[in-house]
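Please take a moment to look over the sequence and the structure below, and then follow the paragraphs that come after them.

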Amino acid sequence: NIRADKLEQFVMDMIKHELLSDEAIEYLTGLVVDFVNEAIGINKDLVADLTKKRDLLRSQIDKLFDLYLDGNIDKNAITERTNRMKAEVEQYESRLLELSVSDFEELEKPKIIKYMKDMRKQLDDADDKVKKVIIDSVIDKIIIDPTTPNVYCTVYYSSEGDPGTSESDWE
């Protein structure tokens, strides 16, 4: 029989070894930073594009109004066209507002690495509830082989042999 506290300690050691090793922290941090910074770049490009389209529509509305004032276009024609254009402007402004609310700063890799290493240190002093949450969030299943002294853990995060291999076997 395997005692629960020994199994828990084994799993926590495995998590530290597989997911919180210096190599794994470096790898995961790189993935997160690249993903977030790419998303920020995409958002900046989208904001610039939406702003350009909104401003173009506003200038077209102003030109239509100038044509109306000069008597070159009748009121019914301008009203219909400007109402459609104003609705589009409102859609652009709404989307720009959404993007500004969800705006976030670029991540700095050294700060994230330091944070992850600090978390690794705090893991040793964590209470049982915190350890359980961590285990539940990264371990898919634990299989204890009754015929050998092996324990198999399936970790959620891996990809093709990078740190945190999906199937790990420990003796």
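The residues lining the largest pocket divide into 11 nonpolar, two polar and one charged, where Ala, Val, Leu, Ile, Met, Phe, Trp, Tyr, Cys and Pro count as nonpolar, Asp, Glu, Lys and Arg as charged, and the others, Gly among them, as polar. This is a predicted model, in which local features need pLDDT of at least 70 and side-chain atom pairs count only at pLDDT 80 or more, while totals for chains, interfaces and linings use all residues. Residues are numbered from 1 along each chain as its sequence is written, and side-chain values use heavy atoms, with hydrogens and water left out.

Helix 4 gives the most to this lining, with five residues; helices here are DSSP runs (H or I, at least four residues), numbered from the N terminus.

Turning to helix 2 (residues 22-69), we find arginine 54 there. Arginine 54 is buried, with a relative accessible area of 16%, since buried means under 20%, exposed over 50% and partly exposed in between (1.4 Å probe, protein chains only). Leaving aside residues up to four places away in sequence, arginine 54 touches Val89, Tyr92, Glu93 and Leu96, a contact being heavy atoms within 4.5 Å.

Phenylalanine 65 and tyrosine 68 are three residues apart in helix 2, and therefore separated by about one helical turn. Phenylalanine 65 is partly exposed at 43% relative accessibility, and tyrosine 68 is likewise partly exposed, at 33%.

Technical notes
Helices (H or I, at least four residues) and strands (E, at least two) are DSSP runs, numbered from the N terminus.
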